[in-house]
Amino acid sequence: MSRLRIGLSPAEANDLGLIANGAFAPLDGFLRQADYERVVDEMRLADGRVWSIPITLALPEGIVPDTGSTVELYDGERLRASMRVDEVFARDKRRELQNVYRTEDPAHPGVARILAQGDLLAGGPVTVVADDREDDPLSLTPAQTRAAFAKRGWKTIVAFQTRNPVHRAHEYIQKAALEGVDGLLLHPLVGETKSDDISADVRVACYKALLENYYPADRVLLATLPAAMRYAGPREAIHHALVRKNYGCTHFIVGRDHAGVGNYYGTYDAQRLFDTFAPGELGIVPLKFENSFFCKRCDGMASQKTCPHDVAHHVSLSGTAVRDLLRSGLRPPPEFSRPEVAQILLESIRDAIAE
């Protein structure tokens, strides 16, 4: 008898891979109802452990597998895993959106993704039959990053989450954090993102150029995280920290508007959410940084904590402003972006226009 076939969305396919490799530990599959309800309401699994983002499998319209049955999970035409269906249950989309995203606005990309899904969820453990890494040397599993840290003798490791090219402000806070630990895991997210985000290939090229020219090779490890962005702001910041703990990191950088989009979250809401957990409860130490910039009067990188000068002396550009410069054939100023990074971005824009 053939098994029921369920197609995965790009985000669900990303989630499956991270369940399989241990990045989403302690999850063994997509959330059952008790876990789902408590994650949505309290940022905890049913057993009390902290988990801030619902990792769910939405059923396509008209497909309702029997409880106890096994279904096959497909990414396009490729069989990725089988799942034992422990439960099928209705999701409360409105409560989920309000609690996790703090908005029901369909213009929010994370909200739009959920609104486009079905109203039933299936929960249960998964058995993966196909890896999604496709021999990418940078797509390291948690076991591999932990082994790399041990080989290098690193006891304390700070992780930096990004879905954008690293500019001078990011470099500044990474190096500030690196002063107090043994190593840095530069861990860009390369799963599903917004359509207007810079492509993963271009971003990785930027990271490689930056590390080659401006970072000590023996104190930085570059690896990619094949996760989908939810753009859930504070909740996703907690999620990103928990995932990096599984990769073996002891510290995690939390900057301004972490995992935010638009104006849905306050600048430092993510940092404040970390403060609601008891010391040690997350298993990883958040390192909080304010917005940084190049100050022409200071003649160097700074933040509001270290710079006494008016904002008129600060070089700080929005993502939109940078994209506008690049589309006009202009490089961002060297105070904002290293020239090697700016050149890669400029060439990528030229190539896109030429196509």
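1. How many nonpolar, polar and charged residues does the lining of the second largest cavity have? By class, there are seven nonpolar, two polar and three charged residues. Here Ala, Val, Leu, Ile, Met, Phe, Trp, Tyr, Cys and Pro count as nonpolar, Asp, Glu, Lys and Arg as charged, and the others, Gly among them, as polar.

2. The model is predicted: local features need pLDDT of at least 70 and side-chain atom pairs count only at pLDDT 80 or more, whereas totals for chains, interfaces and linings use all residues. Residues are numbered from 1 along each chain as its sequence is written, and side-chain values use heavy atoms, with hydrogens and water left out.

3. A search of the whole structure finds two cavities of 30 Å³ or more. On a 1 Å grid over the protein atoms alone, a cavity is a set of points where a 1.4 Å probe fits but cannot get out; a pocket is an open set with protein on both sides within 12 Å along at least five of seven lines; lining residues have an atom within 4 Å of a point. Grid points are joined across faces, edges and corners, and a volume is the space filled by probe spheres set on the points.

4. The second largest cavity has a volume of about 40 Å³. Its lining includes D15, L18, F24 and R230, and helix 8 (234-246) gives the largest share, four residues. Helices (H or I, at least four residues) and strands (E, at least two) are DSSP runs, numbered from the N terminus.

5. The largest cavity has a volume of about 140 Å³. Of its 15 lining residues, P54, T56, I114, Q117 and R230 are the closest to the centre. The lining divides into five nonpolar, four polar and six charged residues.

6. The largest pocket has a volume of about 1400 Å³. Of the 49 residues that line the largest pocket, R163, N164, H170, R256 and G319 are the closest to its centre. Helix 10 gives the most to this lining, with five residues.

7. Strand 8 and strand 9 run parallel and are joined by six bridges; two strands pair if DSSP finds at least two bridges between them. Three bridges join strand 9 to strand 10 (residues 220-222), also in parallel, with L184 opposite V220.
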